[in-house]
Amino acid sequence: MKNGLLQGCVAKIGAAGGRVRHCIHSLPSPCPAPTPSNGGTMNQKSSCCACAGISPTRFQERQVAEMVNERGMDLHHTTVFQWVQKYSPELDKRCRPYLRPTNDSWRVDETYIAVKGKPKYLYRAVDSNGNTIDFLLTAKRNTAAAKRFFRKTLKALHTSSPRVITVDLNAAYPKAIAQLKAEAELPKSVKLRQKRKAAVMILLGEPQQTADFSRQKYLNNIVEQDHRGIKRLVKPGMGFKSFNTARRTIKGYEMMHMMHKGQILGVEKTAVQQRIKFIAKIFGVAA
């Protein structure tokens, strides 16, 4: 049997999310093993196999390999890892032209990602509808990192120029936005909303509506809750061994998360079959 059977089934694993085990057991048994099973050097069709390791579930490489091997295949977990590292950036690149446009209300926040036991910082932005705008993993949490993130986000094809940017208490954000405005990379009309503004005005006795303060206080809840979709995938692996491994894997995590939320043109939210067909389409394999 050709390697296409494995590639097709693992494409379904990646797209199906919580139906991983159902997809595996829907295959005929036994299935001959693909070759080679230890180097990730299969042809272009093997790209879909990476989706198994970055699907929006808590399954890790060892579990994916074990479930595939239940059908009589010979797949080592390191092969899944290598495919994830190779094809996660490719998945991110190929999906971006199909992303639905986001709106002009940005909610920006950063979360911690463990790399070699030390915290690194994943900058993320979503719009007022909860759609992911963009993301960036950085080694530091400062003004320079914030500027890099905003520049990357502004260059994305699916984003629109922001009308308002809502951030947390991180002092780097106002500095980064002010510098981008001074360099004419960000329109001067962009409004910055930061929880600190409302709090300071109240402390200074300046006029400030209580309702406005409460609204600003919770505006970033959307992006903070959206972090969970990524953190629940990272946590079972107990962090990453290198920064580049983390950077490549998170690209796949984020893109599959965006796909799961229905941000791909022609793929509705939670539409598993549409997701399978889309992944097959962009990688040129049979669904």
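This is a predicted model: local features need pLDDT of at least 70, side-chain atom pairs count only at pLDDT 80 or more; totals for chains, interfaces and linings use all residues.
Two packed helices are described by the angle between their axes and the distance between the axes. Here the helices are α4, which spans residues 61-69, and α5, which spans residues 77-95. Their axes come within 8 Å and cross at roughly 120°. Angles from 65 to 115 degrees count as roughly perpendicular and those over 145 as roughly antiparallel; α4 and α5 are therefore oblique to each other. The crossing of the two helices is right-handed.

The contact between these helices can be followed residue by residue. On the α4 side it involves E61, R62, V64 and A65, and these meet H77, V80, F81 and V84 of α5.

Is Q263 buried or exposed? Its relative accessible area is 2%, and because buried means under 20%, Q263 is classed as buried.

Q263 and L99 are 164 residues apart along the chain, yet their C-alpha atoms are separated by 5.6 Å. Leaving aside residues up to four places away in sequence, Q263 touches Y98, L99, R100 and T102, together with N131, T132 and M258. For T132 there is a further detail: its backbone nitrogen lies 2.7 Å from a polar atom of the Q263 side chain.

Key:
Residues are numbered from 1 along each chain as its sequence is written. Side-chain values use heavy atoms; hydrogens and water are left out. Axes are lines fitted to C-alpha atoms, for helices over the stretch in contact, and angles run from 0 to 180 degrees between N-to-C directions. Helices (H or I, at least four residues) and strands (E, at least two) are DSSP runs, numbered from the N terminus. Angles under 35 degrees count as roughly parallel, over 145 as roughly antiparallel, 65 to 115 as roughly perpendicular and the rest as oblique. A crossing is left-handed if the near helix is turned anticlockwise from the far one by less than a right angle, and right-handed if clockwise. Contact means heavy atoms within 4.5 Å. Buried means under 20% relative accessible area, exposed over 50%, partly exposed in between (1.4 Å probe, protein chains only). A polar contact is a pair of N or O atoms within 3.5 Å; within protein, one must be able to donate a hydrogen and the other to accept it, and residues adjacent in sequence count only if both atoms are side-chain atoms.
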